[in-house]
Amino acid sequence: MPCGDAVAVWDVALSDGVYRVEFAHGTTTGKRVVYVNGTEVIRKDWMFKLVGKETFSLGSADTKATINIEAVGGFAYEYSLNVGGKSLQKFIDHRAKTTKTWLVQVDGADCRVVLEKDTMDVWCNGQKVETTGEFVDDGTETHFTVGEHACCIKATSGGKKKNGIDHSLLLDGLKVPASSQ
């Protein structure tokens, strides 16, 4: 359970879920604790060096994450998170280009569907799902199921090179709006 010492909190969206990273830094005790989704993954007590880095893994793909601790004068510290070797903002920007996410209700339960555009892998609530792809007149369709529901991700060209490829999720034939996560 996260403690009251949390000095930084980040949310990181990966294909298999959204991870909450919390960092507790006891500047008088030398303590460093990292929590991922409320579970302690790193604890270091009595560290004399108050600046540095803490590295850990996120998600089923073991994506490398690093918390950077830097002094900004006196006893003030700045904390930043790198994910996959990039600053969090650059990682988020890259994910926005290479993935598409939909949040949908299926049989009364929330479902998070993620398409990895570069591999065409589809994830549903943290699990990679079996898909079948086919070429159609206006692009491609990737078929899969969520529970008893037929799903299809349609990839169509907007007709202009600048617009790129549009990906749409259909659940039982109905279009689902995209999400920002």
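How many helices and strands are there in the chain? The chain has one helix and 18 strands, taken as DSSP runs of at least four residues for helices (H or I) and at least two for strands (E), numbered from the N terminus. Welcome to a predicted model, in which local features need pLDDT of at least 70, side-chain atom pairs count only at pLDDT 80 or more, and totals for chains, interfaces and linings use all residues. Residues are numbered from 1 along each chain as its sequence is written, and side-chain values use heavy atoms, leaving out hydrogens and water.

**Overall form**
- Along the principal axes, the C-alpha atoms fill a box of roughly 65 × 40 × 20 Å.

**Burial and cores**
- Of the 181 residues, 40% are buried (under 20% relative accessible area, 1.4 Å probe, protein chains only).
- The largest nonpolar core has 22 residues, and Trp10, Val12, Phe56, Leu58, Ile67 and Leu81 have the most contacts inside it; such a core is a set of buried Ala, Val, Leu, Ile, Met, Phe, Trp, Tyr and Cys residues joined through side-chain atoms within 4.5 Å.
- Among the elements giving two or more residues to this core are strand E1 (6-14) and helix H1 (88-98).
- Apart from this core lies another, of 15 residues, including Val122 and Leu169.

Note on methods: Buried < 20%, exposed > 50% of the residue type's maximum accessible area, 1.4 Å probe, protein only.
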